[in-house]
Amino acid sequence: MSLLEIRDLSISLPANGRMLPIVEGISLSLNRGEVLGIAGESGSGKTMSAMAVMGLLPKDAEVTGSIRYEGRELIGLGERDFREIRGRDIAMVFQDPLSSLHPMLTIEKQLTDHLRKHRKASRSAARTRAEELLRLVQLPNPAKTLRAYPHQLSGGQRQRVAIAIALACEPSLLIADEPTTALDVTVQAGIIELLLSLTEQVDIGVMIVTHDLGVLSSIADRLAVFYAGEVVETARAAEVFSRPAHPYTEALLAAVPHESESGEIDLKPMRGTPPSAGEWPEGCRFNPRCAYVERQCYSVHPVLSESEPGHLVACHVRGAAS
Ligand SMILES: Nc1ncnc2c1ncn2[C@@H]1O[C@H](COP(=O)(O)OP(=O)(O)OP(=O)(O)O)[C@@H](O)[C@H]1O
Ligand SMILES: [Mg+2]
């Protein structure tokens, strides 16, 4: 049984008196010890999909399909059940660590409160565990960090603390939504290494959301590429990077600075902009920007199908049928 199994997930939100589709027919799965990378441009529905797993969608969202966590259906659960699951089974790290830290409380207070509430730990056990957690996220001076307030830490240190809090209750699923975007490049690399070492040390599944393919290339086992509310390609990460099947994935990869055959640094910016939610073109949603577009791409919506075993792509030109 997968740790997380998302089947045919669709999410709509009310806008201007009607329901606007945000995500349509997403299917994903994640096992323990695995890192699933979610990539795609801004507005493609990455955060909304993560929020659905956490039960944190706006109240008026319409959600269909299935999200199973260790076999248990999460869609339709009430806030009380979700509150129990969040923190204990599924934890989330956000882009801005300040949003998950309380500005007026020391790191020790925040960590130990969390442990005492969810783990029913005694005061001294919680303090010992808090120090252990700070060591786990490789903060150099745990005792000093425990006494600090969030504003006394650097951005990278704060993100490590946020990760420690997320791990405090030993979740089996960690969702990280753009965990490094707010950090500068050298600090980003440290956080990515940390996430990677955590999946090796603690037996958890990690879903990491980012639009930065460079980040994913060093950490993800599998990749799902989102475009306009759908998954357009999914496969083992190494395979996506070496042989991208979807023209969108190919364009995304070409937009990451890389060494060309002549040894120069090359990058081809993505052309055009992604469509807004609900303003998706008929047929393939990528058709206005696609370099390989054919007649049927304007009228027939492509579905995910295997281009090779384990490699799914939604494209008329590059997919299985071609
Ligand atoms: N509370 C909301 N109400 C209505 N629409 C929303 C709400 N939050 C997000 N959206 C819309 O949902 C769509 C998907 O947003 P989402 O935040 O999931 O994108 P994303 O892929 O995470 O993008 P980014 O890379 O910028 O974080 C966008 O078109 C956005 O405008
Ligand atoms: Mg987002």
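**View 1. Four strands make an open sheet in the order E2-E1-E4-E5, with antiparallel pairing.** Strands here are DSSP runs of at least two residues (E), helices runs of at least four (H or I), and both are numbered from the N terminus. Two strands pair if DSSP finds at least two bridges between them. Strand E2 (18-30) and strand E5 (72-73) sit at the edges with a single partner strand each, so one side of each has no neighbour in the sheet. This is a predicted model, where local features need pLDDT of at least 70, side-chain atom pairs count only at pLDDT 80 or more, and totals for chains, interfaces and linings use all residues. Residues are numbered from 1 along each chain as its sequence is written, while chains are lettered from A and ligands numbered from 1 in the order in which they are written.

**View 2. Here's the pairing of E4 (residues 62-69) with E5, antiparallel over 2 bridges.** Look for Arg-68, which stands opposite Glu-73 in E5.

**View 3. Helices H4 (residues 107-119) and H7 (residues 155-167) cross at roughly 20 degrees, their axes coming within 9 Å.** Axes are lines fitted to C-alpha atoms, for helices over the stretch in contact, and angles run from 0 to 180 degrees between N-to-C directions. That makes H4 roughly parallel to H7 (angles under 35 degrees count as such).

**View 4. Helix H11 (residues 247-254) has Pro-247, Tyr-248, Thr-249 and Leu-252 buried.** Buried means that 20 or more other C-beta atoms, placed from the backbone, lie within 10 Å of a residue's own.

Methods
Angles under 35 degrees count as roughly parallel, over 145 as roughly antiparallel, 65 to 115 as roughly perpendicular and the rest as oblique. A residue is buried if 20 or more other C-beta atoms lie within 10 Å of its own, exposed if 12 or fewer, and partly exposed in between; C-beta atoms are placed from the backbone.
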